[in-house]
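Open the model in your viewer and keep the selection tool at hand. The stops below are meant to be taken in order.

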Amino acid sequence: MNVMLGIDIGTTSTKGLLCRTNGQIVAQFNHSYPLQQSVAGTAEENPQAILMAVTSGLQAILRTVQQQQLTLAGLSFSSANQSLIALDNLHRPLTNLLTWADTRAAPAAAKLKKSEFADELYQRTGTPLHPMSLLAKLIWLKTSQPKIFKQATYFCGIKEYILWKLFGKWQMDISIASGTGLFNWQQQNWDPEILAIAGIQESQLPPIVDSYTTFSKMRPDLAAKLNWPQATPIVQGAFDGALANLGVNALDSKTAALSIGTSAAIRLLSKQPALDPQGRLFCYAVSQQQWVIGGPVNNGGIVLRWALEKLFTNEKIIWEKAGADPYEQLLQIIQTIPAGANGLLFFPFLNGERAPLWDADIRASFIGLTQTHSRAEMARAAVEGIIFNLRSVWEIFNNHTFSQKQLVLSGGFAKSPFLRQLIADIFNCPVQVPAQIEASCLGAILLGMDALGLTDDLAQSAAALSGTVTTYQPNPAAAKSYTELFTIYQRLQDHLGHETTALTAWQRKFN
(Lines give C-alpha, C1' and ligand atoms only; values in the text may rest on other atoms or scores of the structure.)
Protein backbone atom coordinates (compact mmCIF):
# COMPACT_ATOMS: atom_id res chain seq x y z
CA MET A 1 0.00 0.00 0.00
CA ASN A 2 1.28 3.47 -0.92
CA VAL A 3 1.67 6.02 1.87
CA MET A 4 2.44 9.74 1.73
CA LEU A 5 4.40 11.67 4.35
CA GLY A 6 3.79 15.32 5.22
CA ILE A 7 6.17 17.23 7.49
CA ASP A 8 5.26 20.60 9.01
CA ILE A 9 8.20 22.58 10.42
CA GLY A 10 6.47 24.83 12.93
CA THR A 11 7.41 27.59 15.34
CA THR A 12 7.65 25.40 18.43
CA SER A 13 7.60 21.86 17.02
CA THR A 14 7.93 19.76 13.89
CA LYS A 15 5.02 17.46 13.15
CA GLY A 16 4.82 14.57 10.73
CA LEU A 17 1.85 12.64 9.41
CA LEU A 18 2.02 9.40 7.44
CA CYS A 19 -1.21 8.64 5.57
CA ARG A 20 -2.47 6.09 3.14
CA THR A 21 -3.70 7.78 0.00
CA ASN A 22 -7.28 6.84 1.00
CA GLY A 23 -6.97 9.02 4.12
CA GLN A 24 -6.14 6.44 6.80
CA ILE A 25 -3.49 7.71 9.22
CA VAL A 26 -0.68 5.20 9.72
CA ALA A 27 1.72 7.08 12.00
CA GLN A 28 2.56 10.56 13.27
CA PHE A 29 5.17 12.38 15.31
CA ASN A 30 5.54 15.70 17.11
CA HIS A 31 9.01 16.83 18.23
CA SER A 32 9.15 20.15 20.10
CA TYR A 33 12.01 22.61 20.66
CA PRO A 34 12.35 25.71 22.84
CA LEU A 35 11.60 29.24 21.70
CA GLN A 36 14.29 31.59 23.01
CA GLN A 37 12.81 34.86 24.33
CA SER A 38 15.53 36.15 26.64
CA VAL A 39 15.28 39.78 25.53
CA ALA A 40 12.11 41.78 24.82
CA GLY A 41 11.03 41.24 21.23
CA THR A 42 13.31 38.23 20.74
CA ALA A 43 11.79 35.03 19.37
CA GLU A 44 14.64 32.81 18.17
CA GLU A 45 15.30 29.11 17.76
CA ASN A 46 18.36 26.96 17.20
CA PRO A 47 18.25 25.76 13.57
CA GLN A 48 20.24 22.65 14.53
CA ALA A 49 17.59 21.67 17.06
CA ILE A 50 14.95 21.96 14.34
CA LEU A 51 17.08 19.89 11.96
CA MET A 52 17.39 17.19 14.63
CA ALA A 53 13.62 17.22 15.14
CA VAL A 54 13.06 16.68 11.42
CA THR A 55 15.65 13.91 11.06
CA SER A 56 14.57 12.03 14.20
CA GLY A 57 10.96 12.22 13.05
CA LEU A 58 11.95 10.92 9.63
CA GLN A 59 13.83 8.06 11.24
CA ALA A 60 10.81 7.05 13.33
CA ILE A 61 8.47 7.20 10.33
CA LEU A 62 10.83 5.15 8.18
CA ARG A 63 10.86 2.41 10.83
CA THR A 64 7.08 2.24 10.59
CA VAL A 65 7.21 2.12 6.79
CA GLN A 66 9.70 -0.73 6.88
CA GLN A 67 8.00 -2.68 9.67
CA GLN A 68 4.62 -2.56 7.94
CA GLN A 69 6.16 -3.17 4.51
CA LEU A 70 4.66 -0.01 3.06
CA THR A 71 5.76 1.92 -0.02
CA LEU A 72 6.60 5.58 0.59
CA ALA A 73 5.10 7.35 -2.43
CA GLY A 74 6.51 10.75 -1.53
CA LEU A 75 7.43 13.36 1.06
CA SER A 76 6.07 16.91 1.04
CA PHE A 77 6.97 19.87 3.26
CA SER A 78 5.12 22.60 5.11
CA SER A 79 6.76 25.24 7.27
CA ALA A 80 6.14 28.41 9.21
CA ASN A 81 6.54 31.60 7.21
CA GLN A 82 8.67 34.74 7.68
CA SER A 83 11.69 33.21 9.40
CA LEU A 84 15.27 34.35 8.77
CA ILE A 85 18.73 32.80 9.11
CA ALA A 86 21.97 34.44 7.98
CA LEU A 87 24.43 31.93 6.50
CA ASP A 88 28.11 32.01 5.60
CA ASN A 89 29.56 30.95 2.23
CA LEU A 90 29.24 27.25 3.22
CA HIS A 91 25.59 27.67 4.26
CA ARG A 92 26.49 27.49 7.95
CA PRO A 93 24.29 29.57 10.30
CA LEU A 94 25.72 32.87 11.51
CA THR A 95 22.58 33.58 13.53
CA ASN A 96 19.83 31.67 15.25
CA LEU A 97 16.55 31.40 13.40
CA LEU A 98 14.55 34.61 13.80
CA THR A 99 10.92 33.44 13.78
CA TRP A 100 7.93 35.39 12.51
CA ALA A 101 7.23 36.35 16.15
CA ASP A 102 10.54 38.22 16.58
CA THR A 103 9.59 41.91 16.81
CA ARG A 104 13.00 43.55 17.20
CA ALA A 105 12.59 44.92 13.68
CA ALA A 106 9.67 47.09 14.87
CA PRO A 107 11.59 50.40 14.46
CA ALA A 108 12.58 49.41 10.92
CA ALA A 109 8.99 48.51 10.07
CA ALA A 110 7.69 51.74 11.61
CA LYS A 111 10.15 53.78 9.54
CA LEU A 112 9.05 51.98 6.37
CA LYS A 113 5.41 52.68 7.24
CA LYS A 114 6.13 56.39 7.44
CA SER A 115 8.11 56.45 4.20
CA GLU A 116 6.75 57.80 0.93
CA PHE A 117 6.90 54.36 -0.68
CA ALA A 118 5.00 52.48 2.06
CA ASP A 119 1.89 51.92 -0.06
CA GLU A 120 4.01 50.97 -3.06
CA LEU A 121 5.72 48.24 -1.02
CA TYR A 122 2.37 46.68 -0.13
CA GLN A 123 1.08 47.02 -3.70
CA ARG A 124 4.16 45.26 -5.08
CA THR A 125 4.46 42.49 -2.49
CA GLY A 126 1.04 41.92 -0.90
CA THR A 127 2.86 41.83 2.46
CA PRO A 128 1.75 44.35 5.12
CA LEU A 129 4.63 46.30 6.65
CA HIS A 130 5.44 44.63 9.97
CA PRO A 131 8.50 43.32 11.89
CA MET A 132 7.56 39.79 10.73
CA SER A 133 8.70 40.42 7.15
CA LEU A 134 12.23 39.61 5.99
CA LEU A 135 12.48 43.13 4.60
CA ALA A 136 12.19 44.61 8.10
CA LYS A 137 14.31 41.86 9.69
CA LEU A 138 17.16 42.40 7.21
CA ILE A 139 17.16 46.14 7.83
CA TRP A 140 17.24 45.46 11.59
CA LEU A 141 20.10 42.96 11.21
CA LYS A 142 22.09 45.38 9.07
CA THR A 143 21.67 48.12 11.69
CA SER A 144 22.00 46.17 14.93
CA GLN A 145 24.51 43.47 13.91
CA PRO A 146 26.46 44.98 11.01
CA LYS A 147 29.40 42.58 11.37
CA ILE A 148 27.19 39.51 10.95
CA PHE A 149 25.23 41.18 8.16
CA LYS A 150 28.45 41.90 6.27
CA GLN A 151 29.73 38.34 6.81
CA ALA A 152 26.52 36.78 5.51
CA THR A 153 26.76 35.24 2.06
CA TYR A 154 23.18 33.94 2.06
CA PHE A 155 19.82 34.52 3.75
CA CYS A 156 16.90 32.09 3.96
CA GLY A 157 14.11 30.72 6.14
CA ILE A 158 13.90 27.48 8.06
CA LYS A 159 12.52 25.27 5.29
CA GLU A 160 15.23 26.33 2.85
CA TYR A 161 17.89 25.56 5.44
CA ILE A 162 16.40 22.11 6.16
CA LEU A 163 16.11 21.22 2.46
CA TRP A 164 19.73 22.27 1.92
CA LYS A 165 20.97 20.20 4.84
CA LEU A 166 18.93 17.11 3.91
CA PHE A 167 18.93 17.17 0.12
CA GLY A 168 21.45 19.76 -1.00
CA LYS A 169 18.67 21.82 -2.63
CA TRP A 170 19.08 25.60 -2.45
CA GLN A 171 15.67 26.95 -3.44
CA MET A 172 12.61 28.67 -1.97
CA ASP A 173 9.03 27.96 -2.91
CA ILE A 174 6.92 30.80 -4.23
CA SER A 175 4.61 30.84 -1.20
CA ILE A 176 7.46 31.37 1.28
CA ALA A 177 9.05 33.96 -1.04
CA SER A 178 5.71 35.74 -1.30
CA GLY A 179 5.63 36.41 2.44
CA THR A 180 9.09 37.96 2.69
CA GLY A 181 8.16 41.46 1.57
CA LEU A 182 10.92 41.14 -1.06
CA PHE A 183 8.90 39.34 -3.75
CA ASN A 184 7.08 41.19 -6.53
CA TRP A 185 3.80 39.28 -6.93
CA GLN A 186 3.05 40.72 -10.39
CA GLN A 187 6.44 39.92 -11.88
CA GLN A 188 6.85 36.82 -9.65
CA ASN A 189 10.51 37.51 -8.88
CA TRP A 190 12.75 39.11 -6.27
CA ASP A 191 12.12 42.87 -6.59
CA PRO A 192 15.48 44.61 -7.29
CA GLU A 193 14.40 47.95 -5.78
CA ILE A 194 13.15 46.34 -2.58
CA LEU A 195 16.31 44.23 -2.31
CA ALA A 196 18.27 47.51 -2.48
CA ILE A 197 16.22 48.88 0.44
CA ALA A 198 17.08 45.72 2.40
CA GLY A 199 20.74 46.09 1.46
CA ILE A 200 21.14 42.67 -0.18
CA GLN A 201 21.57 41.20 -3.65
CA GLU A 202 19.47 38.58 -5.41
CA SER A 203 22.42 36.15 -5.34
CA GLN A 204 22.12 36.06 -1.54
CA LEU A 205 18.62 34.57 -1.69
CA PRO A 206 17.55 31.11 -2.87
CA PRO A 207 16.17 30.86 -6.42
CA ILE A 208 12.35 30.80 -6.44
CA VAL A 209 10.58 27.61 -7.52
CA ASP A 210 6.95 26.55 -7.69
CA SER A 211 5.46 24.82 -4.66
CA TYR A 212 4.81 21.77 -6.87
CA THR A 213 8.52 21.37 -7.70
CA THR A 214 9.75 17.81 -7.16
CA PHE A 215 13.22 16.33 -6.72
CA SER A 216 14.82 13.28 -5.12
CA LYS A 217 17.89 11.91 -3.37
CA MET A 218 18.97 12.77 0.13
CA ARG A 219 22.61 13.56 0.89
CA PRO A 220 24.34 10.13 0.71
CA ASP A 221 25.76 10.12 4.27
CA LEU A 222 22.41 11.04 5.80
CA ALA A 223 20.49 8.65 3.54
CA ALA A 224 22.69 5.79 4.75
CA LYS A 225 22.17 6.78 8.39
CA LEU A 226 18.38 6.99 8.07
CA ASN A 227 18.05 4.16 5.54
CA TRP A 228 16.22 6.61 3.27
CA PRO A 229 14.88 5.18 -0.04
CA GLN A 230 16.68 7.42 -2.54
CA ALA A 231 14.11 6.99 -5.30
CA THR A 232 11.40 8.59 -3.15
CA PRO A 233 10.18 11.86 -4.72
CA ILE A 234 10.30 15.01 -2.58
CA VAL A 235 7.81 17.84 -3.10
CA GLN A 236 8.93 21.37 -2.21
CA GLY A 237 5.59 22.26 -0.59
CA ALA A 238 4.36 25.62 0.69
CA PHE A 239 3.93 27.63 3.89
CA ASP A 240 1.79 26.20 6.67
CA GLY A 241 -1.09 28.67 6.42
CA ALA A 242 -1.87 28.02 2.78
CA LEU A 243 -1.55 24.28 3.31
CA ALA A 244 -3.91 24.42 6.28
CA ASN A 245 -6.66 25.46 3.87
CA LEU A 246 -5.99 22.40 1.74
CA GLY A 247 -5.97 20.22 4.84
CA VAL A 248 -9.48 21.25 5.91
CA ASN A 249 -10.88 21.19 2.36
CA ALA A 250 -11.27 24.99 2.18
CA LEU A 251 -10.33 25.09 -1.47
CA ASP A 252 -12.22 28.10 -2.83
CA SER A 253 -13.04 31.72 -2.01
CA LYS A 254 -16.42 30.75 -0.51
CA THR A 255 -14.84 28.85 2.40
CA ALA A 256 -12.48 30.46 4.89
CA ALA A 257 -10.21 28.47 7.18
CA LEU A 258 -9.69 29.62 10.76
CA SER A 259 -6.67 28.06 12.44
CA ILE A 260 -5.88 28.75 16.09
CA GLY A 261 -2.69 27.37 17.54
CA THR A 262 0.01 29.42 19.28
CA SER A 263 -0.91 32.19 16.87
CA ALA A 264 -3.98 32.25 14.63
CA ALA A 265 -5.19 33.28 11.18
CA ILE A 266 -8.15 33.41 8.85
CA ARG A 267 -7.33 32.56 5.23
CA LEU A 268 -9.02 31.75 1.96
CA LEU A 269 -7.74 30.46 -1.35
CA SER A 270 -8.41 32.25 -4.61
CA LYS A 271 -7.61 31.83 -8.28
CA GLN A 272 -6.97 35.58 -8.46
CA PRO A 273 -4.86 37.87 -6.26
CA ALA A 274 -6.72 40.53 -4.25
CA LEU A 275 -5.27 43.33 -2.12
CA ASP A 276 -7.10 45.02 0.74
CA PRO A 277 -7.45 48.79 0.01
CA GLN A 278 -6.30 49.52 3.57
CA GLY A 279 -3.45 46.97 3.54
CA ARG A 280 -4.84 44.91 6.43
CA LEU A 281 -4.76 41.51 4.70
CA PHE A 282 -1.85 39.71 3.10
CA CYS A 283 -2.02 38.29 -0.41
CA TYR A 284 0.55 35.56 -1.11
CA ALA A 285 1.05 33.19 -4.00
CA VAL A 286 0.47 29.56 -3.01
CA SER A 287 1.72 28.34 -6.35
CA GLN A 288 2.08 29.95 -9.74
CA GLN A 289 -1.66 29.48 -10.32
CA GLN A 290 -3.19 30.03 -6.86
CA TRP A 291 -3.29 32.69 -4.16
CA VAL A 292 -4.11 32.91 -0.48
CA ILE A 293 -5.61 36.01 1.15
CA GLY A 294 -5.40 36.15 4.91
CA GLY A 295 -5.28 37.94 8.21
CA PRO A 296 -2.77 36.50 10.69
CA VAL A 297 -2.81 37.35 14.41
CA ASN A 298 -0.01 36.96 16.93
CA ASN A 299 -2.21 36.22 19.90
CA GLY A 300 -3.92 32.84 19.73
CA GLY A 301 -3.30 29.98 22.13
CA ILE A 302 -0.33 31.82 23.59
CA VAL A 303 -2.88 34.02 25.44
CA LEU A 304 -4.56 30.96 26.95
CA ARG A 305 -1.13 29.75 28.08
CA TRP A 306 -0.46 33.16 29.64
CA ALA A 307 -3.78 33.03 31.52
CA LEU A 308 -2.95 29.55 32.82
CA GLU A 309 0.60 30.37 33.90
CA LYS A 310 -0.05 33.82 35.37
CA LEU A 311 -3.56 33.59 36.80
CA PHE A 312 -3.55 29.94 37.90
CA THR A 313 0.10 29.35 38.74
CA ASN A 314 -0.41 27.18 41.80
CA GLU A 315 -3.34 25.28 40.34
CA LYS A 316 -1.27 24.44 37.26
CA ILE A 317 1.37 22.78 39.47
CA ILE A 318 -1.30 20.81 41.36
CA TRP A 319 -3.04 19.69 38.16
CA GLU A 320 0.22 18.55 36.59
CA LYS A 321 1.20 16.59 39.71
CA ALA A 322 -2.20 14.89 39.60
CA GLY A 323 -1.67 13.93 35.96
CA ALA A 324 -4.50 16.16 34.73
CA ASP A 325 -4.27 18.33 31.61
CA PRO A 326 -4.02 21.88 33.02
CA TYR A 327 -5.64 23.42 29.92
CA GLU A 328 -8.66 21.15 30.22
CA GLN A 329 -8.95 22.01 33.91
CA LEU A 330 -8.78 25.74 33.16
CA LEU A 331 -11.40 25.48 30.41
CA GLN A 332 -13.72 23.70 32.84
CA ILE A 333 -13.38 26.65 35.24
CA ILE A 334 -13.95 29.16 32.44
CA GLN A 335 -17.17 27.39 31.45
CA THR A 336 -18.66 28.19 34.86
CA ILE A 337 -18.53 31.90 34.00
CA PRO A 338 -21.38 33.37 31.91
CA ALA A 339 -20.84 34.69 28.39
CA GLY A 340 -19.20 38.12 28.44
CA ALA A 341 -17.29 37.50 31.69
CA ASN A 342 -19.68 39.80 33.58
CA GLY A 343 -18.77 42.82 31.49
CA LEU A 344 -15.00 42.35 31.38
CA LEU A 345 -13.16 42.75 28.07
CA PHE A 346 -9.60 41.67 27.32
CA PHE A 347 -7.62 43.00 24.40
CA PRO A 348 -5.19 40.12 23.79
CA PHE A 349 -2.19 41.98 22.38
CA LEU A 350 0.48 40.39 24.58
CA ASN A 351 2.86 40.25 21.61
CA GLY A 352 1.84 43.34 19.66
CA GLU A 353 -0.45 42.46 16.77
CA ARG A 354 -0.57 41.76 13.11
CA ALA A 355 -4.10 41.74 11.62
CA PRO A 356 -6.25 43.71 11.95
CA LEU A 357 -4.06 46.46 13.45
CA TRP A 358 -0.52 45.73 12.18
CA ASP A 359 0.92 47.46 15.23
CA ALA A 360 3.94 45.87 16.93
CA ASP A 361 3.73 48.40 19.78
CA ILE A 362 0.15 47.80 20.88
CA ARG A 363 -0.21 46.03 24.24
CA ALA A 364 -2.80 43.91 26.00
CA SER A 365 -5.27 45.30 28.52
CA PHE A 366 -8.31 44.48 30.61
CA ILE A 367 -11.10 47.04 30.33
CA GLY A 368 -14.07 47.05 32.67
CA LEU A 369 -12.19 45.41 35.53
CA THR A 370 -13.78 45.86 38.96
CA GLN A 371 -13.02 44.53 42.41
CA THR A 372 -15.78 41.95 41.97
CA HIS A 373 -14.10 40.24 39.01
CA SER A 374 -12.38 36.95 39.80
CA ARG A 375 -9.44 35.15 38.18
CA ALA A 376 -11.93 32.87 36.45
CA GLU A 377 -13.69 35.86 34.88
CA MET A 378 -10.34 37.29 33.81
CA ALA A 379 -9.45 33.96 32.19
CA ARG A 380 -12.80 33.83 30.39
CA ALA A 381 -12.33 37.40 29.17
CA ALA A 382 -8.85 36.45 27.89
CA VAL A 383 -10.22 33.57 25.81
CA GLU A 384 -13.12 35.67 24.53
CA GLY A 385 -10.63 38.41 23.65
CA ILE A 386 -8.70 36.04 21.39
CA ILE A 387 -11.90 35.31 19.48
CA PHE A 388 -13.14 38.93 19.43
CA ASN A 389 -9.86 39.90 17.81
CA LEU A 390 -10.27 37.17 15.21
CA ARG A 391 -13.82 38.31 14.51
CA SER A 392 -12.34 41.76 13.76
CA VAL A 393 -10.34 40.07 11.01
CA TRP A 394 -13.44 38.15 9.86
CA GLU A 395 -15.30 41.44 9.46
CA ILE A 396 -12.60 42.69 7.08
CA PHE A 397 -13.17 39.61 4.93
CA ASN A 398 -16.92 40.14 4.97
CA ASN A 399 -16.48 43.73 3.84
CA HIS A 400 -13.91 42.72 1.24
CA THR A 401 -14.23 41.42 -2.30
CA PHE A 402 -15.17 38.04 -0.91
CA SER A 403 -18.34 37.14 0.95
CA GLN A 404 -17.73 34.00 2.96
CA LYS A 405 -20.44 31.44 3.48
CA GLN A 406 -18.47 28.82 5.41
CA LEU A 407 -15.89 28.85 8.19
CA VAL A 408 -13.76 25.76 8.91
CA LEU A 409 -11.77 25.46 12.16
CA SER A 410 -8.42 23.72 12.74
CA GLY A 411 -5.52 23.89 15.17
CA GLY A 412 -5.30 23.40 18.94
CA PHE A 413 -8.56 25.24 19.74
CA ALA A 414 -10.43 22.78 17.51
CA LYS A 415 -9.78 20.03 20.08
CA SER A 416 -12.17 21.60 22.59
CA PRO A 417 -15.97 21.35 22.06
CA PHE A 418 -16.36 24.35 24.39
CA LEU A 419 -14.03 26.52 22.30
CA ARG A 420 -15.67 25.37 19.07
CA GLN A 421 -19.04 26.53 20.36
CA LEU A 422 -17.58 29.77 21.72
CA ILE A 423 -16.19 30.61 18.28
CA ALA A 424 -19.58 29.95 16.66
CA ASP A 425 -21.26 32.19 19.27
CA ILE A 426 -18.82 35.11 18.98
CA PHE A 427 -18.60 34.94 15.18
CA ASN A 428 -22.38 34.41 15.05
CA CYS A 429 -22.03 31.93 12.21
CA PRO A 430 -21.80 28.15 11.79
CA VAL A 431 -18.36 26.65 12.40
CA GLN A 432 -17.32 23.40 10.74
CA VAL A 433 -14.73 21.16 12.40
CA PRO A 434 -13.20 18.22 10.50
CA ALA A 435 -12.17 15.05 12.32
CA GLN A 436 -8.48 15.57 11.48
CA ILE A 437 -7.24 18.97 12.65
CA GLU A 438 -3.49 18.70 11.88
CA ALA A 439 -4.30 20.71 8.80
CA SER A 440 -0.84 21.83 7.65
CA CYS A 441 0.53 18.27 7.58
CA LEU A 442 -2.55 17.13 5.70
CA GLY A 443 -2.20 20.06 3.32
CA ALA A 444 1.40 19.11 2.61
CA ILE A 445 0.27 15.54 1.87
CA LEU A 446 -2.50 16.76 -0.43
CA LEU A 447 -0.23 19.12 -2.34
CA GLY A 448 2.31 16.31 -2.63
CA MET A 449 -0.33 13.89 -3.93
CA ASP A 450 -1.45 16.47 -6.46
CA ALA A 451 2.13 17.17 -7.57
CA LEU A 452 2.90 13.48 -7.98
CA GLY A 453 -0.33 12.61 -9.78
CA LEU A 454 -1.66 10.49 -6.91
CA THR A 455 -5.10 12.13 -6.96
CA ASP A 456 -7.53 12.91 -9.75
CA ASP A 457 -9.78 15.04 -7.56
CA LEU A 458 -8.12 17.27 -4.94
CA ALA A 459 -11.40 18.19 -3.22
CA GLN A 460 -12.42 14.53 -2.95
CA SER A 461 -9.02 13.60 -1.51
CA ALA A 462 -9.15 16.54 0.92
CA ALA A 463 -12.57 15.42 2.13
CA ALA A 464 -11.29 11.86 2.63
CA LEU A 465 -8.18 12.95 4.55
CA SER A 466 -9.86 15.59 6.75
CA GLY A 467 -12.64 13.17 7.75
CA THR A 468 -16.18 13.65 9.04
CA VAL A 469 -17.18 17.28 9.57
CA THR A 470 -19.10 18.40 12.67
CA THR A 471 -20.97 21.72 12.46
CA TYR A 472 -21.49 24.00 15.47
CA GLN A 473 -24.38 26.46 15.21
CA PRO A 474 -24.35 29.71 17.22
CA ASN A 475 -26.45 29.76 20.37
CA PRO A 476 -28.96 32.62 19.76
CA ALA A 477 -28.85 34.05 23.29
CA ALA A 478 -25.04 33.94 23.55
CA ALA A 479 -24.61 35.27 20.01
CA LYS A 480 -26.84 38.26 20.84
CA SER A 481 -24.77 39.10 23.93
CA TYR A 482 -21.51 38.74 22.07
CA THR A 483 -22.73 40.93 19.18
CA GLU A 484 -23.43 43.73 21.67
CA LEU A 485 -20.04 43.28 23.32
CA PHE A 486 -18.21 43.07 20.01
CA THR A 487 -19.54 46.50 19.03
CA ILE A 488 -18.03 47.91 22.23
CA TYR A 489 -14.82 45.92 21.68
CA GLN A 490 -14.33 47.40 18.21
CA ARG A 491 -14.89 50.98 19.37
CA LEU A 492 -12.35 50.59 22.15
CA GLN A 493 -9.87 48.77 19.93
CA ASP A 494 -9.70 51.73 17.56
CA HIS A 495 -8.19 53.87 20.33
CA LEU A 496 -5.75 51.49 21.98
CA GLY A 497 -2.89 51.72 19.51
CA HIS A 498 -2.59 55.49 19.82
CA GLU A 499 -2.47 55.31 23.59
CA THR A 500 -0.03 52.43 24.14
CA THR A 501 2.84 53.44 21.84
CA ALA A 502 4.41 55.76 24.42
CA LEU A 503 3.91 53.19 27.18
CA THR A 504 5.58 50.52 25.06
CA ALA A 505 8.58 52.80 24.51
CA TRP A 506 8.78 53.30 28.27
CA GLN A 507 8.61 49.52 28.84
CA ARG A 508 11.61 48.99 26.56
CA LYS A 509 13.80 50.88 29.02
CA PHE A 510 13.49 47.95 31.40
CA ASN A 511 13.89 45.04 28.95
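Start by selecting Arg375 and Phe312: Arg375 lies over the face of Phe312, 4.6 Å from the ring centre. A charge counts as sitting over a ring if NZ of Lys or CZ of Arg is within 6 Å of the ring centre and within 35 degrees of the ring normal. This is a predicted model, in which local features need pLDDT of at least 70 and side-chain atom pairs count only at pLDDT 80 or more, while totals for chains, interfaces and linings use all residues. Residues are numbered from 1 along each chain as its sequence is written, and side-chain values use heavy atoms, with hydrogens and water left out.

Next, select Arg219 and Trp164. Arg219 lies over the face of Trp164, at 4.8 Å from the ring centre.

**Ring pairs**

A search of the whole structure finds 19 aromatic pairs. Rings of Phe, Tyr and Trp (its six-membered ring) pair if their centres lie within 6.5 Å; planes under 30 degrees apart count as stacked, over 60 as edge-to-face and the rest as tilted. Select Phe239 and Phe282, an edge-to-face pair with 6.4 Å centre to centre and 75° between the planes. Phe239 belongs to strand 14 (residues 233–239) and Phe282 to strand 17 (residues 282–287), so the pair ties together parts that are 43 residues apart in sequence. Helices (H or I, at least four residues) and strands (E, at least two) are DSSP runs, numbered from the N terminus. Both Phe239 and Phe282 are buried. Buried means under 20% relative accessible area, exposed over 50%, and partly exposed in between (1.4 Å probe, protein chains only).

Then select Phe347, Phe388, Tyr482, Phe486 and Tyr489, which ring pairs link into a cluster.

**Salt bridges**

The structure holds 13 salt bridges; each is a side-chain nitrogen of Lys or Arg within 4 Å of a carboxyl oxygen of Asp or Glu. Select Asp102 and Arg104, whose closest N and O atoms are 2.7 Å apart in a salt bridge. Asp102 counts as buried, at 2% relative accessibility.

Move to Glu120 and Arg124, a salt bridge with its closest N and O atoms 2.9 Å apart. They are 4 residues apart in helix 3 (residues 118–125), so about one helical turn separates them. Glu120 is partly exposed, with a relative accessible area of 39%, whereas Arg124 is buried at 17%.
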